[in-house]
Amino acid sequence: MTLLDVRGLSASYGKVQALFDCSFSVGDGEFVALLGANGAGKTTMLRALSGIARSSGTISFDGQRLDARPPEERLRLGIAHVPQGRGTFAEFTVDENLSLGAITLSDAAQVRRDKERWYQTFPRLRERRNRLAGNLSGGEQQMLAVARALMSRPKLLMCDEPSLGLAPAITAEIFEIFKDLHKRHRMTLLVVEQNADLTLQFADTAFVIETGHIVATSPAHEMLHNQDIQKSYLGV
Amino acid sequence: MSLFFQLVVSGLASGAIYAALAIALVLIFRATSIVNFGQGEMATFSAYCTWQMINWGVPVWLSLLICLAASFIVGIIVFRSFIQPLIGAPIEAMVVVTLGLFVLFQAVTMWIWGADQRAFPSIFPDGGIAIGGVQVRISALGTLLALAIAALSIGLVFRFTRLGLSMRASAYDRTKSMLVGIKVQRMLMLGWGLAAVIGMIAAVLIAPRLLLSPTMMTPILFYGLAAATLGGWDSPFGAVVGGLLVGVAESLGGSYLPMVGAELRIVVPIALTLIILLVKPVGLFGSYKVTKL
Amino acid sequence: MNSRSLPTFIKVGAAAIALIAPVFLPDFLLFEVCIALSYSIAVLGLNLLMGFAGQICLAQGALFGFGAYVTAYLNAEFGLSPYWTLPAAAVLTAAAGLAVGLPALRLQGLQLAIITFGIAAAFPQALLKFDWLTGGVSGLPIDSLETPAPFAGRPELWLYLVTVACAGVAVLLVSLVLFGDTGRTLRAQRDNAQIAEALGVNLTKVRLWAFGISSALAGLGGGVFAILNGFISPQSFLAAVSINIVIASIVGGTTTITGAFIGGLFIVFVPTWTSDINLALGNVIYGLALIGVMMISGNGVVGLVKKLVCGMLQTTSGNVPSLKSIQGRKQWIALRK
Ligand SMILES: Nc1ncnc2c1ncn2[C@@H]1O[C@H](COP(=O)(O)OP(=O)(O)O)[C@@H](O)[C@H]1O
Ligand SMILES: [Mg+2]
């Protein structure tokens, strides 16, 4: 079953067009990798999907049209977006960051239970729950950003370059968490990466985006062994 | 020594008013990176509305409540009609727009009520009480108490409620706040409304002392700006401390420094602010994020 | 001057209008124009400081007043001819401006704005306090200008020419500063102080220079203002003057020379017009006009005209490198070599 369906999506910054007529779909429970070189338009794609960048074209999610809706409604419908870089509120405590993640939910008891659950998944965050997010290490901040996104109880988790600036061991840890979310909780994931090799090991499907066009789509394991695609688009 | 304490107490009472205005300025600055030069005149307008209702025979407390609510709405209307359309415009444009608010509100007040001064009833009883040999006016204590209540309730709302958290987050980072599902524009709007309410509190506290006039808050605005700068433009707590410091410094400096005297007492808060900024360029409790106008 | 300059024909046209204006204008209007020009000179200084050096100063009105008082004092106390007081006003105000600019070496933006606003608020109080020097509330008189014989019939015309000449000097000075190396240095430190410093710009020197020149122009404008009025008192130099000068600068457009004159005319004439429309509602309309202008064009009137004119003519003249972009930085380094 299709969870996210994108048709003819275009986006631009002023006169610079960043996405050209992109179409793709993501199945329910699928782990999708969105790959591409620097400046290809990956971040713009996620921003258009979560509604913080203007775009044209149609976006359907869970049977509903999203394209005319503001970001907060898309979040309520189940799209969570972990932005590129440090996606946390640096001057707020870890605990407040998690509360912010659940700011659209009104059931306080449920929010408390969810926090507990993600503290279990990310025990390092629990130890630092009253520290300012800005004082955490890069890896911890990335985990906090992911946990914060999960607090909104999303159906689709979109994550923009989670490995950026992190040590390989920490990146691996984060991808293990993605795998766990995917396998055990049947969460749908859309992960943007430049690190193709790593991502393709975890993902089901991969899209390659180049200068704003989607230029390749294939099952992840095929792409992992397809030298042509890797050479021409990902510069490996 | 008794004179000294007398001066400190009266300085604190003025300072409480500067602090209230500074809180209003800081709330708006944090939320929208705008210095609202019109804040004081908006407050004067609210105070006039209150005066008008009292004059019509409405009980004082009811007038105050109604006008606080009305101020909130005026703040929202100002945001919706003049500020929201300009979000993202160059900062200079914003400066002129808020100066335009200054001119506009002063002119509207003048137009409706004229330039004459009016007596504004004090909400506190007359007289004073002796504390440790120092005679303290009840109105001074009441002013301080009002500031404490206002500041404390804002602090509590900001720290412990979902609404407060959303407002703080919107002020901190609009894009990230949108991503977690906060209706950022609505939060900014609430910030403007809240600031108008606090500004009005400052105006009705000072009105009995200065007499109500359309330009009543103009000099107070400067002290509010100095207090916000001294405390740090992104810290409401700093605004309170800054306001009290400015009030006390002005009161002591005006009396104890002969070359300053009554005419030049305004120099004291400027000098104090300058000295503190030279040591800490972002103000006592400010963070390094804020430097641009 | 900006990355786009107004087409020359508009500038020439404006100059031509300035020259023939006095023939048509009645005396009282001519006088108002002169007052506007005297403010414009101060606004021009502020544009240099705010638009190009990126330093905010809300004390320009106080410096304007300082220049006016230097002129009046030298004339009243030493009998110096009003003409000769003008350079003195410029030089002494520049010195005062350097003192005002000292905090600017450490402060910037909002903090600097508030401190300088404090100076503007304290200035009229200081005038009252030091009444043995300034005449206190009663102010100081200034002799009227000796009018050369051909203008004896209409001294207002001579006043106008003197004012225009002073404005011309101011424009010349600012142009010299902006189009030379100094201008590039100014913009560089505004766009990115750290990089500019790494490229060998002496920030202290550049910022003080900017304050000095800007203040000199404020002083010159103030001197002209004093001569025009023939009498000054603290009432003419309240903090509101500083605010008006800032409004003029922004409404005109902070990064243009033309804008300074549009701004000066704006703050003198628009309030008059709006109270002509309706006396009681004059300032209400003025407040709305201020807000309206900025809502229509965030870059001020000149920005708006440029957008319209350049849009029509498709003229984009020489881009000025900006340190905001990488390319700009490279260009800038190349230019310095
Ligand atoms: N804020 C912006 N303003 C203008 N252009 C932008 C902006 N953000 C990105 N771009 C341009 O859009 C294109 C796509 O950028 P982006 O989506 O960030 O790429 P990626 O995330 O794949 O590295 C790039 O050419 C980039 O220069
Ligand atoms: Mg990116």
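**Interfaces, metal and salt bridges**

Modeller: Chain B and chain C bury about 3400 Å² between them, and 82% of that is on carbon and sulfur atoms. Buried area here is the accessible area (1.4 Å probe) that two parts lose on being put together, summed over both.

Colleague: Before we go on, what sort of model is this, and how are things numbered?

Modeller: This is a predicted model, where local features need pLDDT of at least 70 and side-chain atom pairs count only at pLDDT 80 or more, while totals for chains, interfaces and linings use all residues; side-chain values use heavy atoms, with hydrogens and water left out. Residues are numbered from 1 along each chain as its sequence is written, and chains are lettered from A and ligands numbered from 1 in the order in which they are written.

Colleague: OK, back to B and C. How many residues of chain B and of chain C are in contact?

Modeller: 45 residues of chain B touch 38 residues of chain C, with contact meaning heavy atoms within 4.5 Å.

Colleague: And how many salt bridges across the interface of chain B and chain C?

Modeller: Zero between chain B and chain C. The rule wants a side-chain nitrogen of Lys or Arg within 4 Å of a carboxyl oxygen of Asp or Glu. For polar contacts, one residue pair turns up across the interface of chain B and chain C, both at pLDDT 80 or more. A polar contact is a pair of N or O atoms within 3.5 Å; within protein, one must be able to donate a hydrogen and the other to accept it, and residues adjacent in sequence count only if both atoms are side-chain atoms.

Colleague: Which elements of chain B supply that side?

Modeller: α3 (60–83), α4 (91–113), α9 (218–231) and α11 (267–279) of chain B each supply at least two residues of the side that touches chain C. The largest share, 13 residues, comes from α4(B). Helices (H or I, at least four residues) and strands (E, at least two) are DSSP runs, numbered from the N terminus.

Colleague: What's the class make-up there?

Modeller: The side of chain B that touches chain C has 36 nonpolar, six polar and three charged residues. Ala, Val, Leu, Ile, Met, Phe, Trp, Tyr, Cys and Pro count as nonpolar, Asp, Glu, Lys and Arg as charged, and the others, Gly among them, as polar.

Colleague: Now chain A against chain B. What area is buried?

Modeller: About 1900 Å² is buried between chain A and chain B, with carbon and sulfur atoms giving 65% of it. In chain A, the residues losing the most area to chain B are A:Phe89, A:Phe92 and A:Ile103, together 30% of what that side buries. The contact takes 25 residues from chain A and 19 residues from chain B.

Colleague: How many salt bridges and polar pairs across the interface of chain A and chain B?

Modeller: Two salt bridges, plus five residue pairs in polar contact, both residues at pLDDT 80 or more. On the chain A side, α1 (42–50), α2 (71–77) and α3 (94–101) are the elements giving two or more residues. By class, that side of chain A has ten nonpolar, eight polar and seven charged residues.

Colleague: Got a salt bridge that joins A and B?

Modeller: A:Glu96 and B:Arg168 meet through their side chains at 2.9 Å, N to O. A:Glu96 sits in helix α3 of chain A and B:Arg168 in helix α6 (residues 162–172) of chain B, so this pair joins two chains.

Colleague: Are A:Glu96 and B:Arg168 buried or exposed?

Modeller: Both A:Glu96 and B:Arg168 are buried; that label means under 20% relative accessible area, exposed means over 50%, and partly exposed is in between (1.4 Å probe, protein chains only).

Colleague: Switching topic: what are the protein donors of the magnesium ion?

Modeller: A:Thr43 (OG1) and A:Gln84 (OE1), lying 1.9 to 2.2 Å from the magnesium ion (ligand 2). A:Thr43 is in helix α1 of chain A and A:Gln84 in the loop between β6 (79–82) and α3, 41 residues apart. Donors are N, O and S atoms within 2.8 Å of the metal (3.2 Å for Na, K and Ca); water is not among the atoms, so sites may look incomplete.
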